[in-house]
Amino acid sequence: MLARQLLLDRADVPVLGAVARLGGLQAQEPQEPFVGLWSRLRGFDPSVLSGLLTGRRVVRTHLMRRTVHLVTADDALAWRARHDPMLRQRVLGTYRRELAGVDLDELAAAALAVMADAEPRTMAELVRPLSERWPTPGPKALGEVVIAALLPMAQLPPRGLWRTRAGVRNVLLSSWLGREVDSPSPDGSDPVGQALVRRYLAAFGPAASADLRAWCGLAGLPAAVAALREELVAFRDERGRELLDLPDAPRPDPGIPAPVRFLPAFDNAILGYHDRGRIIDDAHRGLSVTGARVVLVDGRVAATWDVKDDTVTVAPLRALSRADRTCVAEEARALASFLSDGDSHRVHIAASAS
């Protein structure tokens, strides 16, 4: 997993290629993908990612797990329709009572009419005309179901640009990218589901079917896995679970040392698995869903980190050896320099947890 997530050795690959190779980066916190790519790419220039956003080569959109992801434009268009039922189901799981009695297809058509002029809108601006027809659900429920589920939307720059604070403005994916979202296969086959299986295993495998579901949020992929089974290889983990993989995917020797790496909040290297024990101890599993930024030492979560006043602060979760603390400090200084554009190398590492 570390090798495929580009965390075993920083890679010399283009930023666009890295976003595609990783299957996107979770991006609900707009600045976090920059740290995720800095930890994975050699000589990462954040202005390149900003340029890809403004150039419409990558987009911010609701996709896997109904969270905002940064994905390539091609993947957004290819994958979105396959995620539609899951997105609806997850929004209704939160707002079922508020949306009871609302015909979602009628709501989608009305929202599409509002957005047809290709003008970017905040949630409030989108919901205002819809609330006249559907006043009961309230603006939050209406806005969430339209933006996160009913219509394929993109969050426009300047949101998500390097060192930029900006609110969310939404526009139809098709308006922003100049192409309609790919339609589901008319013959009932699932080529997109099969592509998702391959892409997931390439970026996260070997992994169980439950891990695949945890990454994308889609429950309907057993048929896609079954269709691909003859081209996959299978392993068993320590608990006897079947792990699937691509036959030619890299599987480095487990004895290879793993360098210290700083991961951003909600990094898919942690969230992309049902069994997160491969990277984080059960005692600290809750950190993965609270937005904690974590530090990997020898490939496992060993500390949390934050930055304030251009100082990277590290809080160990367990005792760190002197050599590990030295490596953590070195990587933290490099991160402080990256985040401050070379103005600071300040680091504070708290005492190791007992």
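Contact here means heavy atoms within 4.5 Å of each other. The model is predicted, so local features need pLDDT of at least 70 and side-chain atom pairs count only at pLDDT 80 or more, while totals for chains, interfaces and linings use all residues. Residues are numbered from 1 along each chain as its sequence is written, and side-chain values use heavy atoms, with hydrogens and water left out.

Leaving aside neighbours within four places in sequence, L177 is in contact with R56, V59, A73 and L77. L177 sits in helix 8 (residues 173-177); helices (H or I, at least four residues) and strands (E, at least two) are DSSP runs, numbered from the N terminus. L177 and L77 are 100 residues apart along the chain, and their C-alpha atoms are separated by 8.7 Å. With a relative accessibility of 19%, L177 counts as buried. Buried means under 20% relative accessible area, exposed over 50%, and partly exposed in between (1.4 Å probe, protein chains only).

Charge pairs come next. Side chains of opposite charge can pair when their charged atoms come close. A salt bridge is a side-chain nitrogen of Lys or Arg within 4 Å of a carboxyl oxygen of Asp or Glu, and the count by this rule comes to 27.

One of these salt bridges joins D9 to R42, with the closest N and O atoms 3.2 Å apart. D9 lies in the segment before helix 1 (15-21) and R42 in the loop between helix 2 (32-38) and helix 3 (46-54), so the pair ties together parts that are 33 residues apart in sequence. R42 is partly exposed, at 41% relative accessibility.

A salt bridge also forms between the side chains of E144 and R66 (3.1 Å, N to O). This pair links distant parts of the chain, 78 residues apart: E144 belongs to helix 7 (residues 139-150), and R66 to the loop between strand 2 (58-62) and strand 3 (68-72). E144 is buried, with a relative accessible area of 15%.

Within helix 4 (residues 73-95), D84 and R80 are 4 residues apart, about one turn of the helix. Their side chains meet in a salt bridge (2.7 Å, N to O). D84 is partly exposed at 24% relative accessibility, whereas R80 is buried at 1%.

Salt bridges can also be followed through a network, which links D211, D237, R239, R241, D275 and R278.
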